[in-house]
Amino acid sequence: MRMTGKHLFVVGLFFIVSSYLSVAVAVPSPTESLKPLLNEMMTIITDPSLAGEEHKKERRAKIMAVANQGFNWTEMSKRVLGKPWHEINQKQRDNFEQLFTKLLENAYVGKLEGYSSQVITFNDERVKEEKAVVSTTIEDNGVILPVHYIMIQQNTTWKVYDINIEGVSLVQNYREQFRSILRKDNFDGLVKMLEEKNATFDGEGS
Amino acid sequence: MKHHLWYLLFLVLLTCVGCAQQKDIGIVQDLPVEAVEEPGDAMDMMLADDFYDEDDNALCEAHTFNDPLEPINRFFFEFNDKLYYWFLKPVNKAYTAVLPIELRFSFGNFVVNLSAPIRFLNNLLQGKVYDAGIVLSRFLINSTLGVYGFGDPALVDFGLEPKPEDFGQTLAVWGVGEGVYLCLPVIGPSNVRDSFGFAADAYTHPMVYFVDDIWVSAGYYAGSRINLLSLNPDLYEDLKAYALDPYVSMRQVYLDSRRNRVDDLKLKQRCDNDFK
């Protein structure tokens, strides 16, 4: 069969329309990406069969598996380190990302495990190009805390790269600390400090 | 009495500065937000903030700090750290053991309620007449139904949320910059503007008009601080546990949260609040 101009036009139109449709269907909103992530994490934290110190390793592994799906640690590490990110090689970057992720796991997942009665409300979301902010409030025993998730679009999903609590940005906080350290010390010194910090959490009951 | 006079004089002076500044704010608010492409609220600001940039100079000044006194500040940070571990923590331990959580919670409410005049005045000074009304309503409801402010029925039963404003925030709204960052002994993180605001607020606290004794005021302040600590016992130790440089972390938390509070009125980038 010979392709006429009309055929080509129809086929072309079909491809254009379907590509638009697939984008519209496949990419969930930032809130839709975040909701199942937080729910899954809360389910693991409140799961009685995973509670207690004896299940810590298993519980942490599960939480981090979920977190790895929803957080973009590379984007986070990039921003946390800032300019020096360009001055280090890929191996150093991977090492830094791993250490920083471990620190967040030690600090914040450990803290999160202490809460059990949290109610998360999704209030608002705003998208600007490939970035988005999802605004939530967490209620825990009568205390209401506004938490904003800063997300970046990655293919067909949105991933978190910063958390902002009452104007205090997680990334910004570490960024300033690292900047202050790197003013006096070199990158290897910073890596050593990260390793030492992570070591302080070992064997600690949380 | 002398102090009051100075305070008044300074207020008048600042009002002049404020009037000059107020005009700009009026203009900014009249314009539609889209047209000037200024962030409309905290969420827009977070979207606009991309602090990862190829060119370090292009970074928004929003997150910068002015800390030329860092060596002295670090000294007092260490001092406060010792104060915490050697004094506050053991005192808090005993305090928490003696008083049940309900009582400490109620005392916390009482302290907040008693400082309502500060919030009322500062809401008015910032032109937030509606919020000032809410502060007044909260004070009246909590002082009566809430039994001298020990309960918070205004929030629980009437849904009136607190509107925290202090003189440091008022000064910021009037256009006064932060000044250098300070880590004050005992009091903790602050800056020149907020230290001044803190001192001014002490004069609008009803305490000083009922009891004319600095030691009673100081004791009340210390008591309220211990009580606050007993309600959030992990805050400081968590910060220390998570941070590689707790001094920098605390400075950042203080400056960010203060800027966040000031930003509730101004539709401006935080860069504009800088002293430089």
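Visitor: Is Lys131(A) buried or exposed?

Guide: This is a predicted model, and what follows is computed from it. The side chain of Lys131(A) meets that of Glu130(A) in a salt bridge, with 4.0 Å from N to O, and Glu130(A), at 35% relative accessibility, counts as partly exposed. For Lys131(A) the relative accessibility is 12%, and since a residue under 20% is classed as buried, the word for Lys131(A) is buried.

Visitor: How many helices and how many strands are there in chain A?

Guide: Read from the N terminus on, the elements of chain A run α-α-α-α-α-β-β-β-β-β-α-α. Of the 206 residues in chain A, buried ones make up 44%, and among contacts between residues at least 6 apart in sequence, 53% join residues at least 24 apart. The count for chain A is seven helices and five strands.

Visitor: Where is Glu129(A) found, given its positive phi of about 55 degrees?

Guide: Most residues other than glycine have a negative phi. Glu129(A) is not a glycine, yet its phi is positive, at about 55 degrees. Its relative accessible area is 67%, so Glu129(A) is exposed. Its place in chain A is the loop between β1 (119-128) and β2 (131-140).

Visitor: Is Asn155(A) buried or exposed?

Guide: Asn155(A) also has a positive phi, near 55 degrees, in a residue other than glycine. Asn155(A) is found in the loop of chain A between β3 (143-154) and β4 (157-165). With a relative accessibility of 71%, and a cut-off of over 50% for this class, Asn155(A) counts as exposed.

Visitor: Which element gives the most residues to the side of chain B that touches chain A?

Guide: In this interface, 31 residues of chain B are in contact with 43 residues of chain A, and the two chains bury about 3,300 Å² between them, 59% of it on carbon and sulfur atoms. The elements of chain B that give two or more residues to this side are α3 (42-48), α13 (235-242) and α14 (246-262). The one that gives the most, with seven residues, is α14(B).

Visitor: How many salt bridges does the rule find across the interface of chain B and chain A?

Guide: The side of chain B that touches chain A divides into 14 nonpolar, five polar and 12 charged residues. Between the chains there are 11 residue pairs in polar contact, both residues being at pLDDT 80 or more. A search of the whole structure finds 20 salt bridges over all chains, but across this interface the number found is zero.

Visitor: What is the relative accessible area of Arg258(B)?

Guide: The side chain of Arg258(B) meets that of Asp166(B) in a salt bridge of 2.9 Å, N to O, and this pair links helix α14 of chain B to the loop between α8 (153-156) and α9 (167-173), 92 residues apart. A salt bridge of 3.0 Å is also formed with Asp194(B); Asp194(B) lies in helix α10 (residues 192-204) of chain B, so the pair ties together parts that are 64 residues apart in sequence. Asp194(B) is buried, with a relative accessible area of 5%, and Arg258(B) is likewise buried, with a value of 10%.

Visitor: Where is the place of Asn80(B) in chain B?

Guide: Not counting residues up to four places away in sequence, Asn80(B) touches Cys183(B), Leu184(B), Pro185(B), Val186(B) and Gly188(B). Asn80(B) is buried, with a relative accessible area of 14%, and its place is in helix α4 (residues 70-98).

Conventions: Residues are numbered from 1 along each chain as its sequence is written. Chains are lettered from A and ligands numbered from 1 in the order in which they are written. This is a predicted model: local features need pLDDT of at least 70, side-chain atom pairs count only at pLDDT 80 or more; totals for chains, interfaces and linings use all residues. Side-chain values use heavy atoms; hydrogens and water are left out. Contact means heavy atoms within 4.5 Å. Buried area is the accessible area (1.4 Å probe) that two parts lose on being put together, summed over both. A polar contact is a pair of N or O atoms within 3.5 Å; within protein, one must be able to donate a hydrogen and the other to accept it, and residues adjacent in sequence count only if both atoms are side-chain atoms. Helices (H or I, at least four residues) and strands (E, at least two) are DSSP runs, numbered from the N terminus. Ala, Val, Leu, Ile, Met, Phe, Trp, Tyr, Cys and Pro count as nonpolar, Asp, Glu, Lys and Arg as charged, and the others, Gly among them, as polar. Buried means under 20% relative accessible area, exposed over 50%, partly exposed in between (1.4 Å probe, protein chains only).
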